[in-house]
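Subject: Structure handover

Hello,

Here is the structure I promised to pass on. My notes follow below it.

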Amino acid sequence: IDEFLNIIDDNDRITTASKPRSLVHRDGELHPTVHVWLIRRRDMGIYVLLQKRSHNKDTYPDLWDVSSAGHVRQGQEYGITAINETREELGLDLKREKLEFLGFRKNSHIEKNIKDNELTAIFMCRANIDDNMIKPSPEEVSKTEWAEIDELISVMDDNLKSCISIEELAMIKKAVF
């Protein structure tokens, strides 16, 4: 099923105009997405949960990615999407008040026939998440792993097959320290 996405205007606001996801990606229109970073402190370090995207994903298959991410469906808001995507991908039920909004980031890339042009709301969650609480959806996620944020940044250019943004990791570090 091709979900409908709202289009974002020149002032970075969600409009009432919408199109099927496939057409938004074909035409390269700016549309809203969310990234949710789950973090925890351990042994003097800040760790972020990474997911390895399923082999079956249409974009970035088999690459390491943010804890949870997704498109904001037509008529939905960023915070609700963040909660829904985290439940769908990781089996975690987050409370809205546990999500800290860090800011927006524009991201554009072209892959195969997809022109992905996103305005992403970045959220961070410091909830106490135990590994046995994480139940990845096999259609979405092949595995999860915690990474210390400075170590992750240091290997970003060293053949780490990922679609992770160093900008977002910097936003997390700024919010935590």
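A polar contact here is a pair of N or O atoms within 3.5 Å; within protein, one must be able to donate a hydrogen and the other to accept it. Keep that in mind for the start of helix α4. There, a side-chain oxygen of Ser-165 comes to within 3.1 Å of the backbone nitrogen of Glu-167. Please also note that this is a predicted model.

**Helix α4**

The helix covers residues 166-176, and its buried residues are Glu-168, Leu-169, Met-171, Ile-172 and Val-176. Viewed down the axis of α4, these buried residues fall within an arc of 155 degrees, so they line one face of the helix. The face turned away from that buried side carries the exposed residues Glu-167 and Lys-174. What do the buried residues of α4 pack against? They pack against β3, β4 (45-53), β7 (99-111), β8 and α3 (149-155).

Strand β1 spans residues 4-8, and four of its five residues are buried. Its partner is β2, residues 14-20. The two pair in the antiparallel sense, over four bridges. Ile-8 stands opposite Ile-14 in β2. Five residues separate the strands of this hairpin. In the turn, Asp-12 has a positive phi of about 60 degrees.

Asn-6 deserves a look. It sits in strand β1. Buried or exposed? Asn-6 counts as buried, because its relative accessibility is 6% and the cut-off for buried is under 20%. Its side chain has two backbone partners to check. The side chain of Asn-6 reaches the backbone oxygen of Thr-15 at 2.9 Å. It also reaches the backbone nitrogen of Gly-75 at 2.9 Å. Leaving aside neighbours within four places in sequence, Asn-6 is in contact with residues including Ile-14, Thr-16, Leu-30, His-31, Pro-32, Arg-73 and Gln-74.

**The nonpolar cores**

The largest nonpolar core has 22 residues. Leu-38, Tyr-78, Leu-99 and Phe-123 have the most contacts inside it. β3 (30-42), α2 (78-90) and β8 (114-125) each supply at least two residues of this core. A second, separate core has 19 residues, among them Trp-37, Val-48, Ala-147 and Ile-149. In soluble globular proteins, nonpolar side chains tend to be buried together.

Back to Tyr-78. Beyond its neighbours within four places in sequence, Tyr-78 is in contact with Ile-8, Ile-14, Pro-32, Thr-33, Val-34, Val-72, Phe-104, Leu-119, Ala-121 and Phe-123.

**Ile-129**

This residue lies in the loop between β8 and β9 (141-148). Ile-129 is buried, at 4% relative accessibility. Setting aside neighbours within four places in sequence, its contacts are Leu-38, Arg-40, Leu-92, Leu-94, Ile-134 and Trp-146. Ile-129 and Leu-94 are 35 residues apart along the chain, with their C-alpha atoms separated by 9.9 Å.

Arg-53 lies in strand β4. Its relative accessible area is 10%, so Arg-53 is buried. Which residues is Arg-53 in contact with, leaving aside its neighbours within four places in sequence? They are Thr-59, Tyr-60, Pro-61, Asp-62, Leu-63, Asp-65, Glu-140, Ser-142 and Cys-163.

Tyr-60 is found in the loop between β4 and β5 (64-65). Its phi is positive, about 50 degrees, although Tyr-60 is not a glycine. Asp-62 lies in that loop between β4 and β5 as well. Phi of Asp-62 is also positive, near 65 degrees. Most residues other than glycine have a negative phi. Tyr-60 is partly exposed, with a relative accessible area of 23%. Asp-62 also counts as partly exposed, at 31% relative accessibility.

**Cysteines**

Best wishes

Notes:
Residues numbered from 1 in each chain as written. Predicted model: local features only at pLDDT ≥ 70, side-chain atom pairs only at ≥ 80, totals over all residues. Heavy atoms only, no water. Buried < 20%, exposed > 50% of the residue type's maximum accessible area, 1.4 Å probe, protein only. Pairing = 2+ DSSP bridges. Contact = heavy atoms within 4.5 Å. Core = buried A, V, L, I, M, F, W, Y, C linked by side-chain atoms within 4.5 Å. Arc of directions from axis to C-beta.
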